[in-house]
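Please take a moment to look at the sequence and the structure on the screen before I continue.

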Amino acid sequence: MNKLSKSFYGLALGAFLLLGWAPASMATVLVIELDTEFSDDGDSPNGPAPWVTLTFDDGGGSGSVTLTITSNLTGVEWIQSIYFNATVASGGIMLMDDNLTDLGGGSATKTKGDDCCKADGDGFFDFLIEFANGDFTGTDAITFTLTEIGLTASDFDGLSTAGPGGQGGGLTSAAHIQSIVIDGDGPGQASGSGWITGDTTTVPEPATLSLLGLGLIGFGLSRRRRRVA
Ligand SMILES: [Ca+2]
Ligand SMILES: [Ca+2]
């Protein structure tokens, strides 16, 4: 084995070790972007979607998940309530305030329990967080911490359930937006409101590490080619 192939095998071994090690430190980030109005006669917020984004991050471990909720609203539009789901029993999960500074001194009212909470005419969700008039506006960002033994971000990749008085269910999350300016509103009026939902994206950490591994192999090959030339 010559010097060049030794260095290549060394790099390949390094990449293999890197890839082999990745799953053990898997961090998952779950993102739900609420960009679709789903109520029968509701109104869409006036700014660009997504209007609300939920990000669940377990930091590569289990037991504690940070939930960051960001808004992208305009004018006097504000979030009255946010609903989401768990694929594990929700009763044992602690939901705690982390940073609510952007609520301007206001607080969040939290309700949990499997299929506890119905959003508009749709199905039942496992968590509900409610806000006071005008607190959660503009591009505010607030965070909560969810804890339970073994809990990871993936445990919030659930859908709402159909039930009495509800429609089909099957939504990832929902939010009720108030004070939307609509056609016919006079100056200073904002009489619209709407229910929004959207799709979930999962971002597993191994994808990033695999790319890093491939990058290292590519770097090794290009060095090798240059030395041969
Ligand atoms: Ca605020
Ligand atoms: Ca449920």
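This is a predicted model: local features need pLDDT of at least 70, side-chain atom pairs count only at pLDDT 80 or more; totals for chains, interfaces and linings use all residues.

I begin with a metal site. The calcium ion (ligand 2) is coordinated by D115 (OD), D126 (OD) and D126 (OD), at 2.4 to 2.7 Å. Donors here are N, O and S atoms within 2.8 Å of the metal, or 3.2 Å for Na, K and Ca, and water is not among the atoms, so sites may look incomplete. D115 lies in strand 6 (residues 108–118) and D126 in strand 7 (residues 124–131), so this pair ties together parts that are eleven residues apart in sequence. Strands are DSSP runs of E with at least two residues, numbered from the N terminus. D115 is partly exposed, with a relative accessible area of 35%, whereas D126 is buried at 5%. Buried means under 20% relative accessible area, exposed means over 50%, and partly exposed lies in between (1.4 Å probe, protein chains only).

Residues are numbered from 1 along each chain as its sequence is written, chains are lettered from A and ligands numbered from 1 in the order in which they are written, and side-chain values use heavy atoms, with hydrogens and water left out.

Which residues coordinate the calcium ion (ligand 1)? They are D102 (O), D135 (O) and D140 (OD), at 2.3 to 2.5 Å. In sequence these donor residues are spaced D-x32-D-x4-D. D102 sits in the loop between strand 5 and strand 6, and D140 in the loop between strand 7 and strand 8; the two are 38 residues apart, and the pair links distant parts of the chain. D102 counts as partly exposed, at 34% relative accessibility, while D140 is buried, with a relative accessible area of 13%.

Let us return to strand 6. T109 is found in this strand and counts as partly exposed, at 44% relative accessibility. Leaving aside neighbours within four places in sequence, T109 is in contact with L128, I129 and E130, where contact means heavy atoms within 4.5 Å. From C-alpha to C-alpha, T109 and L128 are 8.1 Å apart in space, and 19 residues separate them in sequence.

Next, the cysteines. How many disulfides does a search of the whole structure find? The search finds one, a disulfide being a pair of cysteine sulfur atoms within 2.5 Å. This bond joins C116 to C117, with 2.2 Å from S to S. The link of C116 and C117 is left-handed, with -100° about the S-S bond. C116 is partly exposed, with a relative accessible area of 32%, and C117 is buried, at 5%.

Ten strands form an open sheet with antiparallel pairing, in the order 5-8-3-2-1-10-9-4-7-6. Two strands pair if DSSP finds at least two bridges between them. Strand 5 (94–99) and strand 6 are the edge strands, each pairing on one side only.

Within this sheet, strand 1 pairs with strand 10 in the antiparallel sense over nine bridges, and V31 has T201 as its bridge partner in strand 10. Strand 1 also pairs with strand 2 in the antiparallel sense, over six bridges; here L34 has V52 as its partner in strand 2. Strand 1 is mostly covered, with seven of its ten residues buried. Strand 9 (residues 173–180) and strand 10 (residues 192–204) pair in the antiparallel sense over four bridges, and H176 has W195 as its bridge partner in strand 10.

Finally, the interior. In soluble globular proteins, nonpolar side chains tend to be buried together. A nonpolar core is a set of buried Ala, Val, Leu, Ile, Met, Phe, Trp, Tyr and Cys residues joined through side-chain atoms within 4.5 Å. In the largest such core, of 34 residues, L54, F56, I69, F131, F144 and F156 touch the most other members. Strands that each supply at least two residues of this core include strand 1 (28–37), strand 2 (52–57) and strand 3 (64–71). Apart from it lies another core, of eight residues, among them F125, L128, L171 and W195. Not counting residues up to four places away in sequence, the residues that I69 touches include V52, L54, I82, F144 and D140.
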